[in-house]
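Today I opened my notebook beside a new model.

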Amino acid sequence: MGRTSQHPIPVEIIKAAIDGDSDALSMVCDHYQKYIRYLSIRPVELSGGRKCLRVDEDMCLRLKAKLLTSIVTSFSILPK
């Protein structure tokens with residue numbers, strides 16, 4: 001996956017997410033949605049032996065849950 005032109009998440013939103021603000025957590029999830037879906041791509045074998053790539057929705061949910069848990073329990077902002 002190449003670089004995107006997406007802007008970084010503002011520090012105020014990160015601080016709010018660390019404090020458990022649901023809107024801020026949603027913004028962080030939305031920010032990483034494309035990357036999470038990219039990480040969740042798995043090969044699937046179709047009838048006739050053909051293979052294709054599909055997004056594993058279970059893996060998407062696991063990655064989102066891990067992201068949110070990590071933000072609330074162990075994120076910290078380092079001083080400059």
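**Entry 1**

Helices here are DSSP runs of H or I with at least four residues, strands are runs of E with at least two, and both are numbered from the N terminus. I reminded myself that an α-helix has 3.6 residues a turn, so residues three or four places apart point the same way.

A note on the source: this is a predicted model, where local features need pLDDT of at least 70, side-chain atom pairs count only at pLDDT 80 or more, and totals for chains, interfaces and linings use all residues. Residues are numbered from 1 along each chain as its sequence is written, and side-chain values use heavy atoms, with hydrogens and water left out.

I found that the side chains of Arg62 and Asp58 form a salt bridge at 3.2 Å, N to O. The rule asks for a side-chain nitrogen of Lys or Arg within 4 Å of a carboxyl oxygen of Asp or Glu. Arg62 is exposed at 53% relative accessibility, while Asp58 is partly exposed at 43%. My cut-offs were buried under 20% relative accessible area, exposed over 50%, and partly exposed in between (1.4 Å probe, protein chains only).

By this rule I counted 2 salt bridges. Glu57 and Arg37 make one of them, at 3.4 Å, N to O. Glu57 lies in helix 3 and Arg37 in helix 2, so the pair ties together parts that are 20 residues apart in sequence.

**Entry 2: the sides of helix 3**

Which residues of helix 3 are buried? I listed Cys60, Leu67, Ser70 and Ile71.

**Entry 3: Ser40 and the strands**

Next I looked up Ser40, in the loop between helix 2 (22-39) and strand 1 (41-45). Is Ser40 buried or exposed? Ser40 is buried, with a relative accessible area of 0%. Leaving aside neighbours within four places in sequence, its contacts (heavy atoms within 4.5 Å) include Val55, Met59 and Cys60.

Strand 1 and strand 2 pair in the antiparallel sense over 5 bridges; pairing needs at least two bridges found by DSSP. I saw Ile41 opposite Val55 in strand 2, and Glu45 opposite Lys51.
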